[in-house]
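Work through the exercises below with the sequence and the structure in view.

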Amino acid sequence: MIISLLFLSAVAVVHAPAPNEQATLPAATVRAAPPTIARNALVMMEYRRGGLAITAAGRALGAGNEGTVIRVMNLDTRTTVFGTIVASGRVRIE
């Protein structure tokens, strides 16, 4: 009986944060937000310079959120370019 009580008391010890500490979750329980653009998603590529604006259909060759640079393949010419994700389904080519 004594052994089982010692075992239970050792297992039940939980670290509580001090009043000035902030509690954190273990890394395994924190999940990243899903990407704004997933790999192989169809996207609209946009190029703007001065008064010129060109758009073309493309396929994302990488995944990411806004501000991430990914490779995109132009569906008409099959050429690949790099672009920055600006919104869901939109990539700015520079």
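**Exercise 1. A salt bridge at the chain's end**

Task: Find the salt bridge partner of Glu94 and state whether Glu94 is buried or exposed.

Solution. 
Step 1. Glu94 forms a salt bridge with Arg92, and their closest N and O atoms lie 2.9 Å apart. The model is a predicted one, and this distance is computed from it.
Step 2. The relative accessible area of Glu94 is 66%. Exposed means over 50%, so Glu94 is exposed.
Step 3. Arg92 has 36% relative accessibility and therefore counts as partly exposed.

**Exercise 2. The other salt bridge**

Task: State how many salt bridges a search of the whole structure finds, then describe the one formed by Glu46.

Solution. 
Step 1. The search finds two salt bridges.
Step 2. Glu46 pairs with Arg90, with 2.7 Å between the closest N and O atoms.
Step 3. This pair links distant parts of the chain: Glu46 belongs to strand E1 and Arg90 to strand E5, 44 residues apart.
Step 4. The relative accessibility of Glu46 is 11%, under the 20% limit, so Glu46 counts as buried. Arg90, at 37%, counts as partly exposed.
Step 5. Side chains of opposite charge can pair when their charged atoms come close.

**Exercise 3. From strands to a barrel**

Task: Give the order of helix and strands along the sequence, and say what the strands build.

Solution. 
Step 1. The protein has one helix and five strands. Read along the sequence, the pattern is α-β-β-β-β-β.
Step 2. The five strands make a closed barrel that runs E1-E2-E3-E4-E5, and the pairing is mixed. From one strand to the next, the twist averages 55°.
Step 3. Eight bridges pair E1 with E2 in the antiparallel sense. E1 and E5 run parallel and are joined by four bridges.
Step 4. In the hairpin of E1 and E2, two residues lie between the strands, and Gly50 takes a positive phi near 60°.

**Exercise 4. Bridge partners of two residues**

Task: Name the bridge partners in E2 of Glu46 and Met44, and the residue of E5 that stands opposite Met44.

Solution. 
Step 1. Glu46 has Thr55 as its bridge partner in E2.
Step 2. For Met44, the partner in E2 is Ala57.
Step 3. In E5, Arg90 stands opposite Met44. Arg90 is also the salt bridge partner of Glu46.

**Exercise 5. Surroundings of Ala57**

Task: Which residues does Ala57 touch, not counting residues up to four places away in sequence?

Solution. 
Step 1. Ala57 is located in strand E2.
Step 2. The residues touched are Val43, Met44, Met45, Met73, Asn74 and Leu75.
Step 3. Leu75 is 18 residues from Ala57 in sequence, with 5.9 Å from C-alpha to C-alpha.
Step 4. Ala57 has a relative accessible area of 34% and is therefore partly exposed.

**Exercise 6. A buried threonine**

Task: Is Thr84 buried or exposed, and in which strand is its place?

Solution. 
Step 1. Thr84 is in strand E4, which covers residues 80-87.
Step 2. With a relative accessible area of 15%, Thr84 is buried.
Step 3. Beyond neighbours within four places in sequence, Thr84 is in contact with Gly67, Thr68, Val69, Arg90, Val91, Arg92 and Glu94.
Step 4. Across the 94 residues of the protein, 20% count as buried.

**Exercise 7. Confidence in the model**

Task: Report the mean pLDDT of the protein, and say where the pLDDT is below 50.

Solution. 
Step 1. The mean pLDDT is 83, and 71% of the residues reach 70 or more.
Step 2. Over residues 3-13 the pLDDT is below 50. Beyond near neighbours in sequence, this stretch has zero contacts in the model.

Key. Residues numbered from 1 in each chain as written. Predicted model: local features only at pLDDT ≥ 70, side-chain atom pairs only at ≥ 80, totals over all residues. Heavy atoms only, no water. Pairing = 2+ DSSP bridges. Axes fitted to C-alpha atoms, helices over the stretch in contact; angles between N-to-C directions. Buried < 20%, exposed > 50% of the residue type's maximum accessible area, 1.4 Å probe, protein only. Contact = heavy atoms within 4.5 Å. Salt bridge = Lys/Arg side-chain N within 4 Å of Asp/Glu carboxyl O. pLDDT = per-residue confidence, 0-100.
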